[in-house]
Amino acid sequence: MIAIQLRCRSLSTHLPHLHYLPAGPFSSFRISLSSLSQVVTKKSAQNANQENPVLLNYLINTLDIPIPKALAISNRFPWVRSVEKPELAVHFFKSIGFTDAQIQSAVCHTPQIIYADVENTLKPKIQLLQELGITGSDLGTLVSKKAIILTRSLEKILKPSIEVLNKVLINGIDNGDWLRVLRRCDWVIYRSPHLRLIPNISYLKSIGIVGTQLSSLLKRQPSLFVMPESELKKLVSKLMNIGFTTDSKMLMHGLHTLCCISHKTISRKLLLLQHSGFSKSECMEMFRKAPGLFRTSEEKISRGLEFFLETVKLNKSMLVQHPTLLMFSMEDRLIPRYQVFQLIKSKKLVTKEPSFYHVMCLTEHMFLEKFVSRFTENAEALLMAYKGHLLDLGKE
């Protein structure tokens, strides 16, 4: 349609100039072009008005799909004269608990599913997803956004891909890992596993990412498993160039970071650290120790730097050695524990001052036990220093 319109514009632009062509053999050519322009224009008008009223009415009146989207879908199926198949498909989705909104979303994303054979195509693929532990409302939510899964070959793509990935995931069916993976990247079961999945898994294993680390990487960044192998190797090469090694547990976290944020974003965060007095080599060391820091928002990093360097007066070397401090929650952990830490020091409740890093890293239970409840005479004041901000929020 668009191509025809463009051709019409082109012809209408050039036809006036043909008037000046000399008489003779070109005159018949001029007449032919003029006739062609009229034919193309008529054809264009016919196509513009060619819609499928039967399907269009069904999409609008039954599925409540917006008119522009319903028009676009109905124009994809100009030969349809019955809505028997769509009715069967919709009835099937409703029978397994899908809401009207989920069905509408699924059809808008992948219209062809309403013409799929229910018994031989839709039902076996839905059952496969259910076998992966994706059921109930989770199943409806997934299919509403990733209905393209239902268009993949069951025997040639879905089952072989799932078989490969099941060997990577650990207890995937029991703890909902499959749902997380497919929500983040349904492409892992979109093509034959021999194209990218198997080569990428083999490569990741060859650089030391195996077992629970490989499983964790799949759950966090499944797109790594289906990117071109050459691109995956480039990411690993970048990490090696800044000091990562194949025996480092941080290599997996580094890959996750490089895959999910842009080079521009990383550069901005490096500049933020450098403006706070960290050298380039110190920034690289912080990246190697805690790649996840660079997935943290710039605002949070900035607030953390101000807190540690200006309020706590912490030596920069402590942050270089323990950059994860900048990843902790300011409101829920850092500020409340710092207040308890300061109160303990002011009341001289301990003879040996505890390590600030140790205080910040303790679990909630251990922190309360070691720095609040053990000081029975001051427990109320310490608890107020630690949880007082929550009481204030409750009053509001």
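Modeller: The largest pocket holds about 260 Å³ of space. On a 1 Å grid over the protein atoms alone, a pocket is an open set of points where a 1.4 Å probe fits, with protein on both sides within 12 Å along at least five of seven lines, whereas in a cavity the probe cannot get out; lining residues have an atom within 4 Å of a point. Grid points are joined across faces, edges and corners, and the volume is the space filled by probe spheres set on the points. The model is predicted: local features need pLDDT of at least 70 and side-chain atom pairs count only at pLDDT 80 or more, while totals for chains, interfaces and linings use all residues. Residues are numbered from 1 along each chain as its sequence is written, and side-chain values use heavy atoms, with hydrogens and water left out.

The lining of the largest pocket consists of Leu235, Lys238, Ile242, Leu258, Ile261, Ser262, His263, Ile266, Ser267, Leu270, Met284 and Phe287. By class, these residues are eight nonpolar, three polar and one charged; Ala, Val, Leu, Ile, Met, Phe, Trp, Tyr, Cys and Pro count as nonpolar, Asp, Glu, Lys and Arg as charged, and the others, Gly among them, as polar. At least two lining residues come from each of α14 (229-241), α16 (263-275) and α17 (280-289). Of the lining, α16 supplies the largest share, four residues. Helices here are DSSP runs (H or I, at least four residues), as are strands (E, at least two), numbered from the N terminus.

In the loop between α17 and α18 (298-311) lies Thr296. This residue is buried at 10% relative accessibility, buried meaning under 20% relative accessible area, exposed over 50% and partly exposed in between (1.4 Å probe, protein chains only). Not counting residues up to four places away in sequence, Thr296 touches Lys269, Ile301 and Met327, a contact being heavy atoms within 4.5 Å.

Turning to the core, the largest nonpolar core has 114 residues, and Leu255 and Phe308 have the most contacts inside it. Helix α20 (residues 330-346) gives the most to this core, six residues. Such a core is a set of buried Ala, Val, Leu, Ile, Met, Phe, Trp, Tyr and Cys residues joined through side-chain atoms within 4.5 Å. Beyond its neighbours within four places in sequence, Phe308 contacts Lys313, Leu314, Leu319, Leu325, Leu326, Leu334 and Phe356.

As for charged pairs, the model has 13 salt bridges, each defined by a side-chain nitrogen of Lys or Arg within 4 Å of a carboxyl oxygen of Asp or Glu. One of them joins Glu364 and Arg337 at 3.8 Å, N to O. This pair links distant parts of the chain, with Glu364 in helix α22 (residues 364-373) and Arg337 in helix α20, 27 residues apart. Glu364 is partly exposed at 34% relative accessibility, whereas Arg337 is buried at 1%. Another salt bridge is formed by Lys146 and Asp186, whose closest N and O atoms are 3.5 Å apart. Lys146 is in helix α8 (residues 136-146) and Asp186 in the loop between α11 and α12, so this pair ties together parts 40 residues apart in sequence. Lys146 is buried, with a relative accessible area of 19%, and Asp186 is buried at 6%.
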